[in-house]
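Subject: Two-chain model, handover and findings

Hello,

Here is the model you asked about. My notes follow below it.

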Amino acid sequence: MITGRPIYHRKDSNELLFRFAPYIIGFLLLAIVPIFLPAYVQNLMTKILIFSIFAMSLDIILGYTGLPSLGHAAFLGVAGYTVTILLVIHGIDNFYLIAALGIFLAVLTAAILGVLALRASGIFFLLVTFALGMLIYSIALKFNWLTRGQQGLPLGAYPNLGLPGIELNSFTFYFFVFLVFIVCFFLMYRITKSPFGLTLQGIRENESRMRMLGYNTWRYKYIAFIISGLFAGIAGVLFPFYSGGMVPQNLDINTSAYALLICIIGGVGTLWGSIFGAVVLIFLEFFIGNFAPYRWPLILGIIFVLAVIFLRGGIAAHISRLWRRLFIGSVKS
Amino acid sequence: MEALRVKDLCKDFGGVQAVRNVCLSVAVGEHLAIIGPNGAGKTTFFNVISGQLAASAGQVYLFGKDITHLAVYQRAHLGMARSFQHTSVFPTLTVFENILLALQATQRHRSNMFHSATAYEYLNAKASELLSSMDIWKNKDDKVNSISYGEQRKLEIAMSLSSEPKLLLMDEPSTGLTTTESAEIVKLIRNLSTDIAVILVAHDMDLVFGVAERIVVLHYGEIIAEGTPEEISANSKVKEIYMGDKKAGHWK
């Protein structure tokens, strides 16, 4: 058997710059622009970053593994509720502890739901994840002793990082979320480019062939599902601090479908596409919500239909085509 | 030594017996062809050996190990590889990614999450060697759904060779290829390392007679003849099945 370790060649600095320039520009924009924006827009930017993490985590199973999930809000909700309950009811304000517990429980939820959901694939996977997501929603709704049910759990604080001299407020919270976002993005980016990530794409394309090649595809799908739950859990830990607490509605089908829409509009199978999807959808929701608050679901539906018809491959496909046309001069495929 | 032994293998689909009591043994390095009219059960037989379908009865042994109840992916790690009749590749990935997936499948690092999939130089070298031998290295950065059918066939075969199998199952490898390309496949199979056993299912008689050392004829799921290419082409029962007439004469 052939063996060996991975070898990284030093790349031409121009090539590296070319490859990473879009990321650097994008992240600099995200880091600098909010400083000059009014508070309510900044607040929207916080939401964008949290939902970007959430949608990217969904994209790992939706875009890379080819498993459309409609219950993703469950992981966000489990982590969000864990953090809120520990903080509000039990008064534990060590952020690292409650965040770790929240993420752990989200991963555990994914590990349990994954066993059930991965018995199905395709449209049946969608239905099973939907049902399981609604199950977690009903727990949030009905377990009054734990979640205070419909009343919800308000949260008026920002994470206590325990660092001297740093107290988060709505302005600095954005940058905290931004840091978490950068770390999550690069971790997920690495995973999707790794042998494991390639394996997931192979499963998406042709699962039976992958099995014949020697992959235990179930195991890969299961691990992908758990990783997806992990990152959704990270988004879930941040979420209640942004939204000011948790209500059962945060876990329902709307939140799951919202993430699905962000992925589809942004470009399924492209991590950074989800960021664009989140930017577009969340800004649209805000502005349209201002004009016609009761029409938003209708308009969202229209946007979705238009995106499916005219925006094949999402925003990401169009941007990367434009990028190549501008800087390479030819458009391939 | 035996690479593969099949004992009393049966496969039923409801009332239909697609494979009936097939016994077969393939030696290491032997090239065996399975022929038979459409519906003879050739592909079903392949699917049972490779594990896509569960056997209704009987056993399959790979290098003396009973693999009848092993999962498909486990068989790959024991040295079995298969190419499919209908090209089975990863259409929206590039040719290079396709071959890389096939190569890393039997490597320990296939579950690694933190290195780049393309940083394993020894695999890249192997990929380049395999793709060049199939004359599709020039397509390495093309998406598979944008290359020609013939090139996809070649990729399919390159992928089935990438795990360095000891037993290679090839289902109609020359489907959709031109005569010249088909002749290349013959050459390729002949040039395979002498310790690789090949089982071939094909309708293309040039291919069958070009590579097979032994031929097995299946008809309604049963082996009705077995022998060297010369014996088979002289066999009257085989002529009858193929030509429907005993007096049809030489059919090759």
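In which helix of chain A is A:Val308 found? A:Val308 is in helix α13, residues 296-310. Helices here are DSSP runs of H or I with at least four residues, strands are runs of E with at least two, and both are numbered from the N terminus.

Some ground rules. This is a predicted model, in which local features need pLDDT of at least 70, side-chain atom pairs count only at pLDDT 80 or more, and totals for chains, interfaces and linings use all residues. Residues are numbered from 1 along each chain as its sequence is written, while chains are lettered from A and ligands numbered from 1 in the order in which they are written.

**Helix α13 of chain A**

A:Val308 is exposed, with 12 other C-beta atoms within 10 Å. The scale is as follows: buried means 20 or more other C-beta atoms within 10 Å of the residue's own, exposed means 12 or fewer, and partly exposed is in between, with C-beta atoms placed from the backbone. A:Val308 and A:Arg295 are 13 residues apart along the chain, and their C-alpha atoms are separated by 20 Å.

A:Ile299 also lies in α13 of chain A. A:Ile299 is partly exposed, because 15 C-beta neighbours fall inside 10 Å. From A:Ile299 to A:Ala111 the C-alpha distance is 36 Å, across 188 residues of sequence.

**Chain A overall**

Chain A has 14 helices and two strands. Its radius of gyration is 20 Å, close to the 20 Å from the globule rule for 333 residues, so chain A is as compact as a globular protein of that length. That radius is taken over C-alpha atoms, and the rule is 2.2 Å times the number of residues to the power 0.38. The C-alpha trace of chain A spans about 55 × 50 × 45 Å along its principal axes. Of its 333 residues, 46% count as buried.

Now the contacts. Two residues are in contact if their C-beta atoms, placed from the backbone, lie within 7 Å. Take the contacts in chain A with a separation of 6 or more: residues 24 or more positions apart account for 78% of them.

**A helix pair in chain A**

Helices α3 (residues 73-89) and α4 (residues 95-117) of chain A pack at an angle of about 145°, with axes 8 Å apart. Axes are lines fitted to C-alpha atoms, for helices over the stretch in contact, and angles run from 0 to 180 degrees between N-to-C directions. The crossing of α3(A) and α4(A) is right-handed. Right-handed means that the near helix is turned clockwise from the far one by less than a right angle, left-handed that it is turned anticlockwise.

On α3(A), the residues that meet α4(A) include A:Phe75, A:Val78, A:Thr82 and A:Leu86. Among their counterparts on α4(A) are A:Ile98, A:Gly102, A:Leu105 and A:Leu113. By class, this contact of α3(A) with α4(A) has 15 nonpolar, three polar and no charged residues. Nonpolar covers Ala, Val, Leu, Ile, Met, Phe, Trp, Tyr, Cys and Pro; charged covers Asp, Glu, Lys and Arg; the others, Gly among them, are polar.

**Chain B against chain A**

In the interface, 36 residues of chain B are in contact with 26 residues of chain A. On the chain B side, the elements giving two or more residues are α2 (72-77), α3 (95-104) and α4 (121-133). α3(B) gives the largest share, five residues. The side of chain B that touches chain A has 17 nonpolar, 13 polar and six charged residues.

α3(B) and α4(B) also pack on each other. Their axes come within 10 Å and cross at roughly 115°. The crossing is right-handed. B:Ile99 and B:Leu103 are among the α3(B) residues that meet α4(B), where B:Ala127 and B:Leu130 are among the partners. The contact of α3(B) with α4(B) divides into nine nonpolar, one polar and one charged.

**Two loop residues in chain B**

B:Phe63 has a phi near 50°, positive in a residue other than glycine. B:Phe63 sits in the loop between β4 (57-62) and β5 (65-66) of chain B. B:Tyr220 likewise has a positive phi, near 50°. Its place is the loop between β9 (214-219) and β10 (222-227) of chain B.

Best wishes
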